[in-house]
Amino acid sequence: MQKWHHIFHKSTGLSPYVWVVFYILPFYFIFRSSSTYEVVSGIIMIALFFICYVLSFVSKGWVVYFWTSVQIAVSITMTLLFGYVYFALFLAFFIGNIQNRIGFFTLYSIHLLTTIVTINYGLLSRNPVFITQLPFVLVSMIAVVLLPVTTYNRNNQDKLQGQLEDANKRISELVKLEERQRIARDLHDTLGQKLSLIGLKSDLAGKLISKNPAQAQSEINDVRQTARSALKEVREMVTQMRGIRLEEELVRIRELLKAAEIDFSLEGEPKLTNTSLITENVLSMCIKEAVTNVVKHSKAEACCISIEPSRTDLTIKVRDNGAGTPGDHLYFKGHGLQGMRERLEFVNGCMDIVRDGGTTIVIKVPNVFKQSEQEASI
């Protein structure tokens with residue numbers, strides 16, 4: 001069971017102030033009675049109901065059903081003696097929070113049946129209290145029917161969502177593990193044999209250098225050629241382990257902003273020619289985080305990404321015309337900005353935030369000119 005203070009659940013659709021009214025309202029009903037005995041017994045039943053209500057939230061196992069049964073009995077008594085039917089709303093919400101399927105349907109059926117019977121009894125006996133508050137009684141009856149089912153389904157949905165997130169995290173970890181194992185296998189297959197060959201030929205060249213210098217020179221040449229071949233294969237393998245290209249990320253960003261009904265514009269050429277793959281990967285992740293913040297927090301109507309390369313560095317600006325987040329709260333980790341700074345520091349980049357009729361995130365990284373194929377083969 002949930003804790004007792006969860007009676008103020010955010011998703012119930014009922015404000016806590018409404019619940020406070022229901023806390024106070026039973027006293028109005030019992031103080032209308034002229035009998036001191038009824039007033040005292042009413043106060044005792046109200047206290048008993050709320051004590052059981054709290055205990056039912058903090059208890060576990062069969063004890064929950066005992067306290068709930070006591071509440072149902074108090075609710076029936078209050079309805080029959082004082083015409084106060086609104087304890088049924090508390091019970092309806094609580095029963096919806098029961099996670100056991102059989103327990104939920106059992107208590108739901110009992111509560112629904114007893115509420116219908118007591119309300120009909122009050123109407124048939126022409127209880128003046130029931131007649132005067134008939135519209136509210138009917139609304140309460142509808143709530144008794146719908147609120148437990150709605151709460152129960154919402155809790156199940158939240159539970160399934162949590163399980164889905166855990167499963168996705170597990171899948172992500174398994175994917176990372178598999179990728180590490182694949183990289184380890186590739187490195188072993190690529191370098192293991194060649195490094196062993198280099199070691200053997202180096203030992204042989206050391207033995208031959210005094211006996212047969214020409215043969216030793218030939219072995220050293222083989223070592224040099226094997227080392228170059230291994231280096232080329234490693235470069236090819238690293239190239240195949242490609243990260244996120246900026247062009248590809250901008251396609252996803254365009255779709256995200258379109259789904260959020262935010263106008264998107266791009267300034268500059270997204271195909272980067274003088275930026276290393278790891279830097280481009282970091283830039284793609286940072287821009288993705290910046291646009292996610294625009295969608296979640298800015299309330300913007302338009303977003304513009306500008307790409308401004310120069311000989312020494314590359315500047316990317318993510319501008320929006322939204323309200324932004326005032327004050328220093330913008331720098332909180334919750335918005336992912338701290339993570340962006342840490343990623344950019346890894347590639348000697350930096351980030352700045354400008355607020356002027358919106359928010360502009362300025363990302364700057366140094367340009368690293370790629371080697372030509374001739375230089376790479378040396």
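Seven bridges join strand S2 to strand S3 (residues 313-320), and the two run antiparallel. Two strands count as paired if DSSP finds at least two bridges between them. Helices (H or I, at least four residues) and strands (E, at least two) are DSSP runs, numbered from the N terminus.

Some ground rules. This is a predicted model, so local features need pLDDT of at least 70, side-chain atom pairs count only at pLDDT 80 or more, and totals for chains, interfaces and linings use all residues. Residues are numbered from 1 along each chain as its sequence is written, and side-chain values use heavy atoms, with hydrogens and water left out.

Back to the strands. S2 and S3 form a hairpin, with three residues between them. Glu 308 stands opposite Thr 315 in S3. S2 (residues 302-309) also pairs with S1 (residues 263-267), in the parallel sense, over five bridges. There, Ser 265 stands opposite Cys 304 in S2.

What do S1, helix H10 and S2 make together? A left-handed β-α-β unit. On the convention: a crossover is right-handed if, with the strands pointing away from the viewer, the path from the first strand over the helix to the second runs clockwise.

Now H10 itself, residues 277-298. H10 has 22 residues and spans 30 Å from first C-alpha to last, close to the 32 Å expected at 1.5 Å a residue. The expected span is 1.5 Å times one less than the number of residues. Its buried residues include Val 282, Leu 283, Cys 286, Ile 287 and Ala 290. Buried means under 20% relative accessible area, exposed over 50%, and partly exposed in between (1.4 Å probe, protein chains only). The buried residues of H10 pack against helix H9 (246-259), S2, S3, helix H11 (337-346) and strand S5 (359-366). Just after H10, Lys 299 takes a positive phi of about 55°.

Helix H3 (residues 62-82) is next. H3 has 21 residues and reaches 30 Å, close to the 30 Å expected. Val 64, Thr 68, Ile 72, Ser 75 and Thr 79 are among the buried residues of H3. An α-helix has 3.6 residues a turn, so residues three or four places apart point the same way. Just after H3, Gly 83 takes a positive phi of about 70°.

On to the rings. The structure holds eight aromatic pairs. Rings of Phe, Tyr and Trp (its six-membered ring) pair if their centres lie within 6.5 Å; planes under 30 degrees apart count as stacked, over 60 as edge-to-face and the rest as tilted. Phe 49 and Phe 90 pair edge-to-face, at 6.1 Å centre to centre and 75° between the planes. Phe 49 lies in helix H2 (residues 36-58) and Phe 90 in helix H4 (residues 87-96), so this pair ties together parts 41 residues apart in sequence.

Phe 104 is buried at 1% relative accessibility; Phe 105 is partly exposed at 38%.

Last, confidence. The mean pLDDT (the predictor's confidence in each residue, from 0 to 100) is 76 for the chain, and 78% of residues reach 70 or more. Residues 1-18 fall below 50. Where pLDDT is low, the predicted coordinates should not be read in detail.

Conventions: Contact means heavy atoms within 4.5 Å.
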